[in-house]
Each structure stands twice: as C-alpha cells, then as structure tokens.
Amino acid sequence: MTTVFIISAPSGSGKSTLVNGARARVKGLQFSISYTTRPPRGSEVNGREYFFVTREEFEDMVRRDEFLEHADVFGNYYGTARRFLRTAQHAGEDLLLDIDVQGAAQIKSKIPEAVSIFILPPDRKTLESRLRDRGQDAEEVIERRLATATREIENYGKYDYILVNDRLDESIEALRSILVSERLRRPGAQRSADDSDTLARAERFRLDNVRERVQPILASFVTAAAPGGR
Ligand code: ADP
Ligand code: 5GP
C-alpha cells in the first residue's frame, strides 16, 4: 500500500532541510522529482532537484495527460508526473510530494486519503532572516517571497498536519513521527511500545491541535502586510 504525503510551505520555512532530514530517517519513502519550466538555480542539477523543461515540452506532457497535478507558480509551470506514483505503488513504498497549495488541492481531490503537511516558520522575522542567511536570493526576490508567504500561509487550514519549524532537530523528529504514524494507522499494522510515543507525538501536530499556536504566527505576517506595517 502506498500513502501519498504532500508537503507545502512558504519558501525559506525549511522544507528542503526537513524533507532531507526525514528521508534519511524513514525507509521506504520515495520522492517525486517535479518538472518545471523555471531555469535551474545555483547548484541544481537536471533530474536531481527538478527536471528542467521548456514550456513547449511541459505543454506536450499536459496534452499527453502525463501529470497527476500541475500548476503555475511564480509564473512558471510545475508538475508531478504520474509515473512517480506508479513506481511507488509497484515498489509498495510511500511517496512524498513537495508541491504548492494549488497542487496540494488537486492531489487531495484525486486522492482524498493523501496526507498533507504544512510547514510554517516560527514568525515572519525568522522567515526573513532564514531567507537572507541562505544567501540564494536577490533583495527583490526575498521581498516577493515574503509577500507570497503571507498568501500561502492563509491556506494552512486545508492541511491535515501543521509543523512549526522552530528547533531543527525537534522538527525533523516531528516530521518523522507524522510519516511513521500514518503507516502505523493502516489496518493490520504491527505496533510496539515505542510506536505509542510516535503516535502520540504526531497527534500534537494535527490541525485541530495547533490552531492556537498558529494564530500569533499568522498575525506576524498580516501585521507586516498591512499598510505601514513591518
Ligand atoms: P525551503 O526549502 O523551505 O525554501 P530551506 O530548507 O532552504 O527552505 O531553509 C531555508 C534556510 O533556513 C536554510 O539556510 C536552512 O539551513 C535554514 N533552516 C532550516 N530550518 C531551520 C531551523 N529549524 N532553524 C534554523 N535554520 C533553519
Ligand atoms: P522553487 O522554484 O522555489 O523550487 O519552488 C517554488 C514552489 O513550487 C514551491 O512552493 C514548491 O513546493 C512548488 N512546487 C515544486 N514542484 C511542484 C510541483 O510539481 N507541483 C506544484 N503544484 N508545485 C510544485
């Protein structure tokens, strides 16, 4: 059986860092490499972070119905090829998708049992300093990412789990717990005593259990976005 995990986050929240950390700790997890029309950044390699294609190539794939979902993000196309799901199903492994909120909604409508996780930064200031410290983007790109983050964060209520990425080691452990707990919930899954801890830890990140924790984070973005804010 294959569980599809969707992970979304505003850029700079630490999604790549957390996903890499969790992949190193959870076996049997495949990762979908998306197709995109945006040019490669920095050290990105075709076929590793993304498959980099032209708009014509992407549109041909859309016509051939090769995508499970696709969306326009920041003016570029991004899409998840159906073949990654088929490969994971054949191997009996789970599939992790790093996609935006539009893609997440498309997957949820096609695969309602998919499990979605939204990663939030502790507050706007921290997101801003992580984007700056990463040293990857020009100033105007950072400003645009922060403005987009405000809109993306408003969608948090559509996700099953919310993870606030404060301390890195704790966040990686939280993500691991969520991934493993969903497997433990499958019919017929064997459980040990350690697994009860994992299940309990994962519960703490369910949407209904984090609403209060999320309010000040949302407020830090909304205040900054208001005229005269920041
Ligand atoms: P994303 O994939 O969401 O755009 P990254 O994984 O590239 O974000 O993380 C953005 C920056 O923040 C990176 O420089 C990363 O090392 C740093 N970072 C990620 N998580 C944490 C954390 N919990 N505490 C401090 N820095 C972090
Ligand atoms: P970046 O260009 O910074 O790598 O990614 C920009 C955004 O596109 C991120 O929110 C990322 O999750 C999203 N993204 C990456 N691949 C896909 C995909 O295949 N489908 C969708 N819908 N979004 C994607």
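**Exercise 1. The shell of ligand 1**

How many residues surround ligand 1, and which are the closest?

*Solution.* Start with the ground rules. This is a predicted model, where local features need pLDDT of at least 70, side-chain atom pairs count only at pLDDT 80 or more, and totals for chains, interfaces and linings use all residues. Residues are numbered from 1 along each chain as its sequence is written, chains are lettered from A and ligands numbered from 1 in the order in which they are written, and side-chain values use heavy atoms, with hydrogens and water left out.

Step 1. Apply the cut-off: a residue is near a molecule if one of its heavy atoms lies within 4 Å of it. Ligand 1 is surrounded by 14 residues. The closest are Gly 12, Lys 15, Ser 16, Thr 17 and Asn 165.

Step 2. Sort the shell by class. Ala, Val, Leu, Ile, Met, Phe, Trp, Tyr, Cys and Pro count as nonpolar; Asp, Glu, Lys and Arg count as charged; the others, Gly among them, count as polar. The shell around ligand 1 has seven polar, five charged and two nonpolar residues.

Step 3. Find the source elements. Helices (H or I, at least four residues) and strands (E, at least two) are DSSP runs, numbered from the N terminus. H1 and helix H5 (124-134) each give at least two residues to this shell. H1 has the largest share, three residues.

**Exercise 2. Polar contacts of ligand 1**

Which protein atoms lie at 3.0 Å, 2.4 Å and 2.8 Å from oxygen atoms of ligand 1?

*Solution.* Step 1. Recall the term: a polar contact is a pair of N or O atoms within 3.5 Å; within protein, one must be able to donate a hydrogen and the other to accept it, and residues adjacent in sequence count only if both atoms are side-chain atoms.

Step 1. Go through the distances. At 3.0 Å there is a polar backbone atom of Gly 14. At 2.4 Å there is an N or O atom in the side chain of Ser 16. At 2.8 Å there is a polar side-chain atom of Arg 134.

Step 2. Check the cover. On its own, ligand 1 has 570 Å² of accessible area, and the protein covers 73% of this. Such areas come from the Shrake-Rupley method with a 1.4 Å probe; for residues, only the protein chains shown count as cover.

**Exercise 3. The shell of ligand 2**

Describe the surroundings of ligand 2.

*Solution.* Step 1. Ligand 2 has 16 residues around it. Ser 34, Arg 38, Tyr 50, Glu 69 and Tyr 78 are the closest.

Step 1. Strand E5 (67-73) and strand E6 (76-81) each supply at least two of the shell residues.

Step 2. Look at the polar atoms. The side chain of Glu 69 has an N or O atom 2.7 Å from a nitrogen atom of ligand 2. Asp 98 places a polar side-chain atom 2.8 Å from an oxygen atom of the ligand. For Thr 80, the distance from a polar side-chain atom to an oxygen atom of ligand 2 is 3.4 Å. The protein covers 92% of the 520 Å² of accessible area that ligand 2 has on its own.

**Exercise 4. A buried serine**

Is Ser 13 buried or exposed?

*Solution.* Step 1. Locate Ser 13: the loop between strand E1 (4-8) and helix H1 (15-25).

Step 1. Use the limits: buried is under 20% relative accessible area, exposed over 50%, partly exposed in between (1.4 Å probe, protein chains only). Ser 13 counts as buried because its relative accessibility is 0%.

Step 2. List the neighbours. The side chain of Ser 13 reaches the backbone oxygen of Pro 10 at 2.6 Å. Contact means heavy atoms within 4.5 Å. Leaving aside residues within four places in sequence, Ser 13 has contacts that include Ile 119, Leu 127 and Asn 165.

**Exercise 5. Two salt bridges**

Compare the pairs Arg 186 with Asp 94 and Asp 208 with Arg 211.

*Solution.* Step 1. A salt bridge is a side-chain nitrogen of Lys or Arg within 4 Å of a carboxyl oxygen of Asp or Glu.

Step 1. Arg 186 and Asp 94 form one at 2.7 Å, N to O. These two residues are 92 residues apart and link distant parts of the chain. Both are buried.

Step 2. In the other pair, the closest N and O atoms of Asp 208 and Arg 211 are 3.3 Å apart. About one helical turn separates Asp 208 and Arg 211, because they are three residues apart in helix H9 (residues 207-225). Asp 208 is exposed at 61%, while Arg 211 is partly exposed at 37%.
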